[in-house]
Amino acid sequence: MTKILVLAEHDNNSLSGATLSVIKAAEMLGDEIDLICTTSNISNLEAEISTLSSVKKVHVFEDKIFENEIAENTVDCLIAVSDDYDYFLASSSTSGKNIMPRFAGLMDIQQISEVIEVVDGSTFKKPIYAGACIATVKTEQSRNVLTIRTTSFDKTSTDGGSAEFVKHDLPANNTNKPTFVKNELTVSDRPELTSADIVVSGGRGMQNSDNFKLLEGIATKLNAAIGASRAAVDSGFAPNDYQVGQTGKSVAPNLYVAVGISGAIQHLAGMKDSKTIVAINKDEEAPIFKVADYGLVADLFEALPELESKL
Amino acid sequence: MKILIPIKRVNDYNVKVRPNQANTDVDLSNVKMAVNPFCEIALEEAIRLKEGGKATEIIAVSVGDEKNQEQLRTALALGADRAILVKTDKALQPLDVSKVLVKVYEKESPNLVIMGKVGIDGDHNQTGQMFSALTNLPQITFASKVELNGNDVEVTREIDGGLETLSSSLPAVITTDLRLNEPRYASLPNIMKAKRKPLEELTVEELGVEVKPTVTTLKVESPPEREEGVKVENVDVLVEKLKNEAKVI
């Protein structure tokens, strides 16, 4: 019997949408799917987890040390329940990237990162070279650690499940680890970037952070998330968590509007799976037009106010 | 205060890499090779710590074939004091590389290891975390700011929700994100001087690491191309198309 353990990603208040896609990927590997949830407050998450139709069991580690994510703490828990499982899955979020390779290293397993397709139980597709190529890789290992690029998978059913919650004591360990000092999280009323239906992104063409606000009116009218290219983030127009692309977030919304973004391959890697792409750029030779369904060659400072008024 | 900087040889980031004709691997013949950009950032951070009087020695280490000497010479020209090449002709996976680095760590006992968060070739984003796990050193990934105070380091990390700050005692492992710093270029005199800096060669076998290729590549393809769309004349046409053709707003 193939058994799969999925790392539940959450902010101690609600489950991340990414986890729903990871479970969908897990369903392609087998039907014995369990969750591991390390949290400071399981009661906040219990109802939501109980809606997951395909989850059989939830390993719960509840302690105030999980108020903030320290990879070492999570990995110690993963190790503690690892015995029965053939696959270990998380998303390729910054959490998954932080936690899973550490776990894989301790388990002496070569991880497969950023899986975009499950071909069969031992064969997977993943992007390499910033998405310039897609590799099909085969594992000879009997147990495997995968991180899942969630934009490539649908979400699992949340029609209601019957998962059994099993509480565990914290594992005793002598792991050296850093301590949490503080965080500065972006607070926004807008949809979350990686799960938004519509994303409006700005690039270097926005010229400064004040101009970046021109995107806000449009985003509000469309109920969209706001993204940015690396150039815009590097220049301080937008915070780091707005970055879409190879080293930022991968998004695949129904509509992606790229404004003043030239379309470097590293940016395309993070958004070219979007259903419909719009590019607004005054340079008609910009590579972004090669991937855009609709291209508007225009000065964004004229096009954006007009677009906002006509939506 | 000794800092170890692993250096990976990869394609120049400006080059668009394509599959070979047989679709068995990427075609790197005639592709310009360079130091992985994230490793350059790691090295730059170490050089700044040394210039600020907080570090005394920077050791660059690379694992791979003879050609990795080029990237180690670049590291020496940029400011590393000495280099170690652990030679192998095999293509190593991140788990193998981290095991080799553990041996080098044990040999050198650095106070700090700074490494790139990801190689821009395989896009694994694994080696730093695996190395940290295998050495039982505190792990701090995706750094955008590093402050060293005596035996403690405070690091700001880029995470999906924004920024997070962690602190740790040394020794520790830090992996670098893009915005940690902007690496310098090597000057011509420093490139000349680098030729005389020590570059030690070891082999993976000498270090006693057993390499296991457990994940093999069956096929490498270009991703499906998006069909180029249409140019619209003005905002009115754009809004009309989005409403009635694409039906996304």
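## Close-ups of a two-chain model

**View 1. A well-covered helix in chain B.** Helix 4 of chain B, residues 127-135, is mostly covered, with eight of its nine residues buried. This is a predicted model, and here a residue is called buried if 20 or more other C-beta atoms lie within 10 Å of its own. The buried ones are B:T127, B:G128, B:Q129, B:M130, B:F131, B:S132, B:A133 and B:T135. So what does the covering? Just after helix 4 of chain B comes B:N136, with a positive phi of about 55 degrees.

**View 2. Where chain A meets chain B.** Here we look at the contact, to which chain A brings 71 residues and chain B brings 65 residues. Which element gives the most to chain A's side? That's helix 4 of chain A (residues 94-107), with eight residues. Sort chain A's side by residue type and you get 31 nonpolar, 21 polar and 19 charged.

View 3. Four strands line up in the order 6(A)-7(A)-8(A)-12(B), making an open sheet with antiparallel pairing. At the edges stand strand 6 (117-120) of chain A and strand 12 of chain B; each has a single partner strand, so one side of each has no neighbour in the sheet. Ignoring direction, neighbouring strands of this sheet are turned by 30 degrees against each other on average.

**View 4. Zooming in on the strand pairs.** Let's start at the join between the chains: strand 8 of chain A (residues 133-139) runs antiparallel to strand 12 of chain B (residues 215-221), and six bridges link the pair. Look for A:K138, which sits opposite B:T216 in strand 12 of chain B. Within chain A, strand 8 also pairs with strand 7 (residues 123-128), again in the antiparallel sense over six bridges. There, A:K126 has A:A135 of strand 8 as its bridge partner.

**View 5. Stepping back to chain A.** Chain A has ten helices and 16 strands. Its radius of gyration is 21 Å, close to the 19 Å that the globule rule gives for 311 residues, so chain A is as compact as a globular protein of that length. The C-alpha trace of chain A spans about 60 × 40 × 40 Å along its principal axes. Of the 311 residues in chain A, 57% count as buried. Among contacts in chain A with a separation of 6 or more, 67% link residues 24 or more positions apart.

Terms used: Residues numbered from 1 in each chain as written. Chains lettered and ligands numbered in written order. Predicted model: local features only at pLDDT ≥ 70, side-chain atom pairs only at ≥ 80, totals over all residues. Contact = placed C-beta atoms within 7 Å. Helix = DSSP H or I, 4+ residues; strand = E, 2+ residues; numbered from the N terminus. Nonpolar A, V, L, I, M, F, W, Y, C, P; charged D, E, K, R; others polar. Pairing = 2+ DSSP bridges. Buried ≥ 20, exposed ≤ 12 C-beta atoms within 10 Å, placed from the backbone. Rg over C-alpha atoms; globule rule 2.2 N^0.38 Å. Axes fitted to C-alpha atoms, helices over the stretch in contact; angles between N-to-C directions.
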